[in-house]
Amino acid sequence: MSAPTVTRLVYGRGDFDARLDQLLAWETVSDTSVNQVVDGVLADVRRRGDAAVVEYTNRFDRLSTADMAELEMGPERLQQALDGLSDEQRQALETAAQRVRSYHEHQLQQSWQYTEADGTMLGQQVTPMDRVGIYVPGGKASYPSSVLMNAIPAKVAGVSEIIMVVPTPDGEINELVMAAACLAGVDRVFCVGGAQAVAALAYGTETVPRVDKIVGPGNIYVATAKRAVFGLVGIDMIAGPSEILVVCDGQTDPDWVAMDLFSQAEHDEDAQSILICPDAAYLDAVSASIAKLLPTMERREIITKSLNDRAALIEVADLDQAVELVNRIAPEHLELSVEDPDALLPKIRHAGAIFMGRYTAEALGDYCAGPNHVLPTSGTARFSSPLGVYDFQKRSSLIRFSADGASELGQTASVLARGEGLTAHARSAEYRIKPE
Ligand code: NAD
């Protein structure tokens, strides 16, 4: 296999802006044929419930299931998966789960209130969601880490019931995924994927309970279905393909950086890996490492396509220019592979997760560092944040007036209500105003 031809750019030179925009362009949910398939599946599951879910699962995942009950993994089966792990796997899963839990416990929001001089109390009550659905992808690969990253924050938030869906193409059950569900405290697991799984969670069927929010990454069918049911249920985000942006000062071993770029490229042909560095010779060295290491990679075909189509090696004048580009790209994963990452940190405004220093490989963040690996992609870090406990908590405003408070503030409300021509509002406030 020939070495990938990674796009080489120099900041500001030639048609740099246009070429960068072209590389970054990614329409998450744009395919009309996918839309049509997904709309059909959603409508059918809504109408026919379990029967439709079973039919689509048999068709898309090549199964021959008779009914929904066969697609549910009971608690004993989950426990069996956990008990069946090797000691090494069990310990790794437990270490990851414990670190993810500890990190997310810091995110728990508390209720609060305060009282004004006239006895008026105002505040905010935080409550967990009742029931959430987590989508764990399973089409081309299995992701036990995604089980932990989605289920543990929900558990920490205090969600009462967690329903997990995961496709099992050709009936292949991933024991680590089931073990992770057991360890994370998932309540029910259905071996269903794609749009039919999202539909079952959003509308409910005879067997699958309807949830309040659906979280978790997935392919274009899953993303399109989540977008379609948003409003009826909450969703976390529409996730695009994985991305990594490495900013390097040219002092990190080029093999390390090449492998960090591969670590995202191997997820998906559409994944994006970008390296920015002020040293042209270092970019050459990383190119050489890419050519040398690629033949050793199991997923080299996926990596090659991803690097050819969506990767870039960008030369900049200095690290300030690199930071400017970071903020423009707003990457999902940002590695600051430099001597002094603290010096750059205050200038970084948009990034899903920031990995600081040469020893901080993004791959550790995918599994066990502790922070969530479900992150905003495709530039959406400009306005959104990693999945967290706060995604599973809601806030209710609290308001209690004393007689004095109601009388005092009633005047203000009355004036504003009459200005809007809303008489009932005005009179409702005025009833509570004390006579002079
Ligand atoms: P998936 O579970 O998302 O999709 C598999 C399902 O897609 C199948 O069960 C089937 O129902 C449906 N499907 C496939 N072809 C179809 C067709 N022609 N018509 C209708 N439905 C069809 O698994 P996947 O495909 O492996 O995709 C997983 C995605 O999630 C990848 O893009 C991966 O990069 C991403 N991912 C992201 C993260 C993250 O944290 N951001 C983590 C893990 C995975």
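Author: Happy to! Let's start at Ser 378, which sits in the loop between α15 (362-367) and β15 (393-400); helices (H or I, at least four residues) and strands (E, at least two) are DSSP runs, numbered from the N terminus. The model is a predicted one, so local features need pLDDT of at least 70 and side-chain atom pairs count only at pLDDT 80 or more, while totals for chains, interfaces and linings use all residues. Residues are numbered from 1 along each chain as its sequence is written, and side-chain values use heavy atoms, leaving out hydrogens and water.

The phi of Ser 378 is near 55 degrees, a positive value in a residue other than glycine. Most residues other than glycine have a negative phi. Ser 378 is partly exposed, with a relative accessible area of 29%; buried means under 20%, exposed over 50%, and partly exposed in between (1.4 Å probe, protein chains only). Arg 62 also has a positive phi, near 55 degrees. Its place is the loop between α3 and β2 (72-73), and Arg 62 is partly exposed at 49% relative accessible area.

Now to the ligand. There are 22 residues around the ligand, and Asp 61, Tyr 135, Gly 139, Lys 140 and Asn 219 come nearest; a residue is near if one of its heavy atoms lies within 4 Å. By class, the shell holds nine nonpolar, nine polar and four charged residues. Here Ala, Val, Leu, Ile, Met, Phe, Trp, Tyr, Cys and Pro count as nonpolar, Asp, Glu, Lys and Arg as charged, and the others, Gly among them, as polar.

Next come the polar contacts (pairs of N or O atoms within 3.5 Å). An oxygen atom of the ligand is 2.7 Å from an N or O atom in the side chain of Tyr 135. A ligand nitrogen lies 3.2 Å from a side-chain N or O atom of Tyr 221, and a ligand oxygen is 3.0 Å from one in the side chain of Asp 268. Taken alone, the ligand exposes 870 Å², and the protein buries 85% of that; accessible areas come from the Shrake-Rupley method with a 1.4 Å probe. The elements giving two or more residues to the shell are α3 (50-61), α8 (194-203) and α9 (220-229).

Finally, back to Tyr 221: this residue is found in helix α9 and is partly exposed, with a relative accessible area of 35%.

Notes: A polar contact is a pair of N or O atoms within 3.5 Å; within protein, one must be able to donate a hydrogen and the other to accept it, and residues adjacent in sequence count only if both atoms are side-chain atoms.
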